[in-house]
Amino acid sequence: MSLERGTVPEKLKTAKVVPVFKGGDPSVTSNYRPISLLSIFDKLLEKLMAARLNNFLEKNNILYKYQFGFRKNYSTVLAVIDVVEDILEHLDQQDIGIGIYLDLKKAFDTVDHDILLYKLYNYGIRGVVHDWFRSYLCNRQQFSLQQFKIMFLNVKV
């Protein structure tokens, strides 16, 4: 019904945030990375929509040919091979090459939802499917284990 109506139930928009240790000094909070755990029903719904979206993008040849991440039969290894081939080709032509590489921390957190929805619309994601994405992105909630204990178990932390 969610996919037919273009809405995501509010109860599926709540994530439990758990810190995962990255390394280094365990007493330093910056050495932890938060991950959001969603319900199994939300994950299944996401997988269904992702499959539909990927099929649409592939069928309509919308993705840039050098989009290597999050695509079937593409990988970071292929991206590296492509870059190395370009470098070798230009070195053979005695060109000078410069590389600039960026690793954006928390890049997903910086995505403006209105811009994302606008781009989806421009790529042909419209109607009920566009409504679904808008619903999915709006009014999301999260809680930590500490908040859960305080709110539901009345435990002092």
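Ile98 is located in the loop that joins α3 (76–92) to α4, helices and strands being DSSP runs numbered from the N terminus (helices, H or I, at least four residues; strands, E, at least two). The model is a predicted one, in which local features need pLDDT of at least 70, side-chain atom pairs count only at pLDDT 80 or more, and totals for chains, interfaces and linings use all residues. Residues are numbered from 1 along each chain as its sequence is written, and side-chain values use heavy atoms, with hydrogens and water left out.

With a relative accessible area of 78%, Ile98 is exposed; the classes are buried under 20%, exposed over 50% and partly exposed in between (1.4 Å probe, protein chains only). A separation of 27 Å is found between the C-alpha atoms of Ile98 and Thr110, which are twelve residues apart along the chain.

Helix α4 (residues 113–122) and helix α5 (residues 127–137) have axes that come within 10 Å and cross at roughly 165°. Axes are lines fitted to C-alpha atoms, for helices over the stretch in contact, and angles between N-to-C directions run from 0 to 180 degrees. The two helices α4 and α5 are therefore roughly antiparallel, given that angles under 35 degrees count as roughly parallel, over 145 as roughly antiparallel, 65 to 115 as roughly perpendicular and the rest as oblique. Residues His113, Leu116, Leu117, Leu120 and Tyr121 of α4 make the contact with His130, Phe133, Arg134 and Leu137 of α5 (heavy atoms within 4.5 Å).

Six aromatic pairs are found in a search of the whole structure. In the pair of Tyr66 and Phe68, the ring centres are 6.3 Å apart and the planes lie at 50°, so this pair is tilted. Rings of Phe, Tyr and Trp (its six-membered ring) pair if their centres lie within 6.5 Å, with planes under 30 degrees apart counted as stacked, over 60 as edge-to-face and the rest as tilted. Tyr66 is partly exposed at a relative accessible area of 35%, whereas Phe68 is buried at 16%. Trp132 and Phe133 form an edge-to-face pair, with 5.3 Å from centre to centre and 90° between the planes; both Trp132 and Phe133 are buried.

Tyr64, Tyr66, Phe68 and Tyr74 are linked into a cluster by ring pairs. The charged end of Arg71 sits over the ring of Tyr74, 3.9 Å from the ring centre, the criterion being NZ of Lys or CZ of Arg within 6 Å of the ring centre and within 35 degrees of the ring normal. Arg140 lies over the face of Tyr136, at 4.2 Å from the ring centre.
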